[in-house]
Number of protein chains: 2
Amino acid sequence: MRITPQRSAIYKAVLEHGDHPTASEIHKWIARDMPHVSIDTVNRTLHSFHDMGLLNIVEGEGGPRRFDPNTRSHHHLHCDRCGKIIDFYSDAADNMPIPPEVQNDFIVERKRIVLSGICRECMNANDASGSGT
Amino acid sequence: MRITPQRSAIYKAVLEHGDHPTASEIHKWIARDMPHVSIDTVNRTLHSFHDMGLLNIVEGEGGPRRFDPNTRSHHHLHCDRCGKIIDFYSDAADNMPIPPEVQNDFIVERKRIVLSGICRECMNANDASGSGT
DNA sequence: TGCTATATAAGAGCGTTTCTTATATACTTC
DNA sequence: GAAGTATATAAGAAACGCTCTTATATAGCA
């Protein structure tokens, strides 16, 4: 695979952006330096990176695809309020036994735990607005 | 919420369909009996059911939204080949400890394990085509 | 330098989801 | 039972994300 200015910029943007960006967010992000990169190039490049194992596509309940440059084994917290996705690490999760009936009927290649709920910032936002005695 | 013929048909279709259908699949499914139901009604109704906790939206890596009427605590197998999603149950998964640093910064309301790999049918399809000595 | 393979930009096209508006239906009140 | 009110639906338009097509540009190679 050729290294082009666009691809460097896209990969750098995914790393810098941090919060599991969408193709559209990457597109806007790199527009500061390279205003002529098309959204199609961003999408195609992210897809190529995914095929190469350079980044993951984050699980989600619809909405635009989000990308994740973290290649360590990790898991996700999804905030129901703000939509933020936070990485976390857990040996217990990584080593969790897989039920025998699953092992018989399925070759497991990846394991991901998804916890949904409310993140600290949304908790605090809630406290600030609703706690006056 | 009012019970209408459309809503009954849509809920019945989700239950009968079994394999985590999309709105479009539900739309086609009920068209046999009710050919004038619009895709918008199907989408809106599925969304309402989701808000009421009657069904879940399945986690996925893009593509159309898929719905799940199974309200028991369960987890999912995703086949990378055919895209099928299979429910499974696991006490180990349900009781898996949550890391303390997560508990401090996040209120966990739902827990879902997602295993990705190859399902039995795709395994067999592969054997059948590729095993002749 | 010329050739070939790969990459990109721009616009078109497609599928999914949502919005808008008019009509239809069920429930409530009198 | 009739009129009024709130909710639901159908149809089409629109928005959005993603992919495809085609022409152009670029890098690597002979």
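In this predicted model, the side chain of Thr4(B) places an N or O atom 2.7 Å from a phosphate oxygen of DNA strand D. A side-chain N or O atom of Arg7(B) lies 2.8 Å from a phosphate oxygen of DNA strand D.

**Surface near DNA strand D**

- Two or more residues each come from α3 (39–51) of chain A, and from α1 (5–17) and α3 (39–51) of chain B.
- The most is given by α3(B), with 3 residues.
- Asp40(A), Arg65(A), Thr4(B), Arg7(B) and Thr41(B) come nearest of the 15 residues around DNA strand D.
- By residue class, this surface has 7 charged, 6 polar and 2 nonpolar residues.
- Sugar or phosphate accounts for 69% of the atoms of DNA strand D within 4 Å of the protein, and bases for the rest.
- A base nitrogen of DNA strand D lies 3.4 Å from a polar side-chain atom of Asp40(B).

**The sheet**

- Six strands form an open sheet with mixed pairing, in the order β4(A)-β3(A)-β5(A)-β5(B)-β3(B)-β4(B).
- Because β4 (85–88) of chain A and β4 (85–88) of chain B each have a single partner strand, these edge strands are left with one side lacking a neighbour in the sheet.
- On average, neighbouring strands of this sheet are turned by 30° against each other, direction ignored.
- In chain A, β3 (residues 75–79) pairs with β5 (residues 106–119) in the parallel sense over 4 bridges; His76(A) has Val114(A) as its bridge partner in β5(A).

**Ile26(A)**

- Ile26(A), in helix α2 (residues 23–31) of chain A, counts as buried because its relative accessibility is 0%.
- Beyond four places away in sequence, Ile26(A) touches Ile10(A), Ala13(A), Val14(A), Pro21(A) and Val42(A).

Methods: Residues are numbered from 1 along each chain as its sequence is written. Chains are lettered from A and ligands numbered from 1 in the order in which they are written. This is a predicted model: local features need pLDDT of at least 70, side-chain atom pairs count only at pLDDT 80 or more; totals for chains, interfaces and linings use all residues. Side-chain values use heavy atoms; hydrogens and water are left out. Two strands pair if DSSP finds at least two bridges between them. Axes are lines fitted to C-alpha atoms, for helices over the stretch in contact, and angles run from 0 to 180 degrees between N-to-C directions. Buried means under 20% relative accessible area, exposed over 50%, partly exposed in between (1.4 Å probe, protein chains only). Contact means heavy atoms within 4.5 Å. A residue is near a molecule or strand if one of its heavy atoms lies within 4 Å of it. A polar contact is a pair of N or O atoms within 3.5 Å; within protein, one must be able to donate a hydrogen and the other to accept it, and residues adjacent in sequence count only if both atoms are side-chain atoms. Ala, Val, Leu, Ile, Met, Phe, Trp, Tyr, Cys and Pro count as nonpolar, Asp, Glu, Lys and Arg as charged, and the others, Gly among them, as polar.
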